[in-house]
Every structure is written in C-alpha cells, then in structure tokens.
Amino acid sequence: MDTVEIQRVVAIEDDNWWYRERRAIVARELRRLGTPGRAADIGAAGGGNTRVLLEHGWEAIAIDASPAAVELARLRGIDAYHGDACYLPLSTGDFDFVMALDVLQHITDDRTACAELARVLRPGGTALISVPCDLALWSAHDVALGHVRRYSRESLTEVIEGAGLVLDRMWSWNVLLRPVAKWRRHRSSPPDMERLHPLVNAGLRAIAMLERVLPLGGLPGVTLFARAHRPEL
C-alpha cells in the first residue's frame with residue numbers, strides 16, 4: 001500500500017461501511033476474548049484497527065512495512081513501528097493477541113509471515129487473520145492493490161496450521177454483497193478509494209450488518225476471516 005492510498009484510507013475509514021464493519025468484527029472478537037492483554041496489529045496502515053484494541057483496553061502496538069503508515073499512525077497517537085511481517089521486530093511469546101487483517105495476500109512468503117504471528121504469541125494466545133478469498137474474484141482490483149493471491153478455505157487453513165497454530169474458526173464475510181463486488185471488480189479499471197454518497201454508504205452498511213445475525217459464514221463471500229491460537233505448552 002503506497003503513501004497516497006494509505007492517506008486515502010485514513011481519510012475515509014471512520015465513516016466508510018467496509019472499514020466500520022471490519023472494526024465491528026474486531027470488537028466482537030475482543031469481547032469474546034474477555035480480559036485485555038498485550039496486542040499487536042500487523043500491517044496496521046494508519047492504525048484504524050489498532051484504535052479498536054486501545055478502545056477495548058488492550059496494550060496495543062502497530063507494525064507496518066511502510067514508514068509513511070507508521071508516521072500517520074503515530075500522528076494519531078498510536079504506538080507504531082516499522083517492520084516486515086516476515087521478520088517482526090517483536091519478542092517471542094510476548095503477546096496475547098495478534099491480528100493481520102488483509103496482510104497475507106500481499107506477501108510472497110505468506111508461510112513465514114504466519115509463522116511470525118505464531119512466534120510472537122504466548123502459548124494460548126489468539127490470532128485473527130483476514131484475507132480476500134476465491135480466485136474467481138481475481139481482477140485488476142487485486143493487481144492494483146498489490147495482491148499476490150486470493151485464498152480458498154483449504155489454502156488458508158494450510159498456511160495457518162503450517163505455522164503451528166490451531167484453527168478455531170473460519171468464516172466468510174461480505175456474502176450478501178459478493179455479487180456486487182464481483183461485478184465491480186471485473187470492470188475495465190480498478191476503483192479508487194473514494195468517499196461514497198451517504199445514502200449508498202448507509203445502504204451498504206445495512207446489508208453488511210445483516211451478516212452479524214444471519215448464518216451466512218459458511219457460504220462464499222469476498223473475505224475469509226480466521227481465528228486461531230497457539231497451543232499451550
């Protein structure tokens with residue numbers, strides 16, 4: 001993610017339906033974990049998701065490969081550091097929770113990156129991972145964003161378990177909006193980050209919010225989420 005795109009994300013993420021609903025998923029997972037501890041947000045960009053950790057009482061840091069992203073996160077009051085996801089500048093077994101949201105698809109050696117998530121977790125600690133799914137959705141959008149791949153349930157499971165993590169749950173997100181996403185992604189040119197009309201934004205968010213209560217996680221979507229943990233010693 002280049003500097004201009006990071007700035008665009010920071011400008012829209014507080015109101016944009018996609019970012020708001022993704023933060024809602026993070027918040028739900030944090031409530032499930034209960035007592036806050038130490039957390040690391042890997043590939044944090046401007047720190048929008050890191051702020052969710054902080055708001056829920058976690059001692060959180062942000063890591064990103066982009067110096068511009070680190071600077072933006074620090075300007076927002078977040079403890080942020082420059083680092084490669086394959087060589088995290090973090091101590092082994094020092095974190096109760098790590099998340100890597102829409103990160104692995106950018107990394108050629110995703111197995112090493114996932115192994116790093118496992119390394120920095122304490123035994124029993126939890127990882128939350130999200131990736132774009134289904135090669136049928138591959139388009140110029142993926143190329144423009146620097147994606148190396150899209151994942152299937154099987155390929156993501158293999159990467160997670162190959163890192164020594166135990167998969168607790170995997171589910172699809174943006175199931176209802178998958179047809180719209182497929183249509184947009186296969187247009188001749190990739191869409192830029194843009195501020196949506198308030199009515200469009202509200203409508204898309206209302207549709208996405210339905211997935212909080214409908215049993216759709218097993219159906220094909222646009223994104224895969226996975227929750228896993230490092231085994232106890």
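## A guided tour of the sheet and its helices

Select Leu128 to begin: its bridge partner in strand S7 is Arg227. The model is predicted, with local features requiring pLDDT of at least 70 and side-chain atom pairs counting only at pLDDT 80 or more, whereas totals for chains, interfaces and linings use all residues. Residues are numbered from 1 along each chain as its sequence is written, and side-chain values use heavy atoms, leaving out hydrogens and water. Helices (H or I, at least four residues) and strands (E, at least two) are DSSP runs numbered from the N terminus.

**Stop 1: helix H5 on the sheet**

Select helix H5, residues 110-120, which packs on the sheet and touches strand S1 (38-42), strand S4 (95-101) and S5. Contact here means heavy atoms within 4.5 Å. The direction of H5 makes about 150° with that of S5; such angles run from 0 to 180 degrees between N-to-C directions, and axes are lines fitted to C-alpha atoms, for helices over the stretch in contact.

**Stop 2**

Now colour strand S7, residues 223-229. Two strands count as paired if DSSP finds at least two bridges between them.

**Stop 3: the whole sheet**

Display every strand in the order S3-S2-S1-S4-S5-S7-S6: this is an open sheet of seven strands with mixed pairing. Its edges are strand S3 (80-82) and S6, each of which pairs on one side only. From one strand to the next, the twist averages 15°.

**Stop 4: Ile129**

Return to strand S5 and select Ile129, which lies within it. Is Ile129 buried or exposed? Ile129 is buried, with a relative accessible area of 1%. Beyond its neighbours within four places in sequence, Ile129 is in contact with residues including Ala100, Leu101, Cys114, Leu117, Ile160 and Phe225.

**Stop 5: helices H5 and H7**

Select H5 together with helix H7, residues 153-162. The two pack at an angle of about 50°, with their axes 8 Å apart. H5 is therefore oblique to H7, on a scale where angles under 35 degrees are roughly parallel, over 145 roughly antiparallel, 65 to 115 roughly perpendicular and the rest oblique. Show the side chains of Asp110, Arg111 and Cys114 in H5, which meet Glu158, Val159 and Ile160 in H7. By class, this contact has three nonpolar, no polar and three charged residues. Nonpolar covers Ala, Val, Leu, Ile, Met, Phe, Trp, Tyr, Cys and Pro; charged covers Asp, Glu, Lys and Arg; the others, Gly among them, are polar.

**Stop 6: helices H2 and H3**

Finally, select helix H2 (residues 17-33) and helix H3 (residues 48-55), which pack at about 30° with their axes 10 Å apart. That angle makes H2 roughly parallel to H3. On the H2 side are Arg22, Arg23, Val26, Ala27 and Leu30, meeting Gly48, Asn49, Val52 and Leu53 of H3. The residues of this contact divide into five nonpolar, two polar and two charged.

Key. Buried < 20%, exposed > 50% of the residue type's maximum accessible area, 1.4 Å probe, protein only.
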